[in-house]
Amino acid sequence: MNENISTDSLWQLLTEHQNETFYTMKKLPFTYVVKGGELFVDRRSKSITKATFGQALNKLKENPQITGPKSLNVFGAPYVWALLKAFQVV
């Protein structure tokens, strides 16, 4: 895991890459847009908050053995994990 990334710098990356296509571990394509402190995935009706990404980063720092979205145990985990992988955080 990239220990040096902060929630704010991750959120900045996410903001810069909205509307690009990413893929979940099950190879499902998705895009997203960021509005304020929320990320809206085109495959879901609810948003994933900046705080959720912060929780995921903290869990990864506490337990580097996490190897997939289910172990993250956060809302929207398949999308959070896909984005963390895409930006080489994990």
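This is a short tour of the structure, stop by stop.

**Before you start.** The model is predicted: local features need pLDDT of at least 70, side-chain atom pairs count only at pLDDT 80 or more, and totals for chains, interfaces and linings use all residues. Residues are numbered from 1 along each chain as its sequence is written, and side-chain values use heavy atoms, with hydrogens and water left out.

**Whole chain.** Show the cartoon. You have four helices and five strands. Helices (H or I, at least four residues) and strands (E, at least two) are DSSP runs, numbered from the N terminus. Follow the elements from the N terminus: α-β-β-β-β-β-α-α-α. The C-alpha trace spans about 30 × 25 × 20 Å along its principal axes. The radius of gyration is 12 Å, which agrees with the value near 12 Å for a compact globule of 90 residues. That radius is taken over C-alpha atoms, and the globule rule is 2.2 Å times the number of residues to the power 0.38.

**Burial.** Colour by accessibility. Buried residues make up 38% of the 90. Buried means under 20% relative accessible area, exposed over 50%, partly exposed in between (1.4 Å probe, protein chains only).

**Aromatic pairs.** Select Phe, Tyr and Trp. How many aromatic pairs does the structure hold? There are five. Rings (for Trp, the six-membered one) pair if their centres lie within 6.5 Å; planes under 30 degrees apart count as stacked, over 60 as edge-to-face and the rest as tilted.

**Trp-11 and Phe-53.** Select both. Their ring centres are 5.8 Å apart and their planes stand at 65 degrees, so this pair is edge-to-face. It links distant parts of the chain: Trp-11 sits in helix α1 (residues 7–16) and Phe-53 in helix α2 (residues 50–62), 42 residues apart. Both residues are buried.

**Phe-30 and Tyr-79.** Go here next. The centres lie 5.0 Å apart with planes at 80 degrees, so this pair is edge-to-face. Here strand β2 (residues 29–30) supplies Phe-30, while helix α4 (residues 77–86) supplies Tyr-79, 49 residues away. Phe-30 and Tyr-79 are buried.

**The cluster.** Ring pairs link Phe-22, Phe-30, Tyr-32, Tyr-79 and Phe-87 into a cluster.

**A charge over a ring.** Last, select Lys-35 and Phe-40. Lys-35 lies over the face of Phe-40, 5.3 Å from the ring centre. The test asks for NZ of Lys or CZ of Arg within 6 Å of the ring centre and within 35 degrees of the ring normal.
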